[in-house]
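Hello,

Here is the structure we talked about. Please open it alongside these notes.

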Amino acid sequence: MEARILRLNTAGQPIEWLHWQEAVCLYVRDLVAWSLGGFVRRVHGGHSRLTGLQTYMDLPAIIACGGNRLARMRLIPPLTNAALFARDHYQCLYCGRSFTYGQLSRDHVHPLSRGGKDKWNNVVAACKRCNQHKGNRLLTEVNMELLALPFCPNTAEYLALINSDRIRGDQMEFLRPQFSTRRNWQ
């Protein structure tokens, strides 16, 4: 898989992952204020009429962008099954066994039918067997326990979760100090 570029605001707060084409557009529009890390990709342009040499641009792993309109910082990242399962390490938080993406489901600890919300702090990865056994009941009603408490990842944690299969070492080195110290990250 192709590495993505980590976009920051000029204050150094992580915003999003970019494809190389999006990063080129930001450079062309002169919106990149500074950059960090090694190079992700070399992009070749046209040939100079004066020298005959082909132009190129080396794209760094991390770029900070300025401009009149910056992406708003998200206080609560979007809840998706992919990010949820990655947060829970593809493990059912009831039986403790590991599963693939397709074998897991989203379980609401406090069921929606009983006033629970579809929020990070109320959902866990569950195998289909455990999810079906629990049904729309509370944990105390079915004598089940959680192996870990659900939590809402901060922006840096969320960006690491959704790109974990292709994150570079320099990008992780930048994000890791922003992770919550109360959690155990592998």
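What is the strand order of the open sheet of 4 strands? The order is E2-E1-E4-E3, with mixed pairing. Strands pair if DSSP finds at least two bridges between them. Strands (E, at least two residues) and helices (H or I, at least four) are DSSP runs, numbered from the N terminus.

First, the ground rules. This is a predicted model: local features need pLDDT of at least 70, side-chain atom pairs count only at pLDDT 80 or more, and totals for chains, interfaces and linings use all residues. Residues are numbered from 1 along each chain as its sequence is written, and side-chain values use heavy atoms, leaving out hydrogens and water.

Back to the sheet. E3 pairs with strand E4 (residues 54–65) in the antiparallel sense, over 10 bridges. There, His 44 stands opposite Tyr 56 in E4.

Next, the core. The largest nonpolar core has 21 residues. Such a core is a set of buried Ala, Val, Leu, Ile, Met, Phe, Trp, Tyr and Cys residues joined through side-chain atoms within 4.5 Å. Buried means under 20% relative accessible area, exposed over 50%, partly exposed in between (1.4 Å probe, protein chains only). Leu 84 and Trp 120 are among the residues with the most contacts inside this core. Strand E6 (123–127) gives the most to it, with 5 residues.

Last, the cysteines. The whole structure has 0 disulfides, meaning pairs of cysteine sulfur atoms within 2.5 Å. The sulfur of Cys 65 is 11 Å from the closest cysteine sulfur, in Cys 25, so it is too far for a bond. Cys 65 is buried, at 0%. Cys 152 is partly exposed, at 25%.

Best wishes
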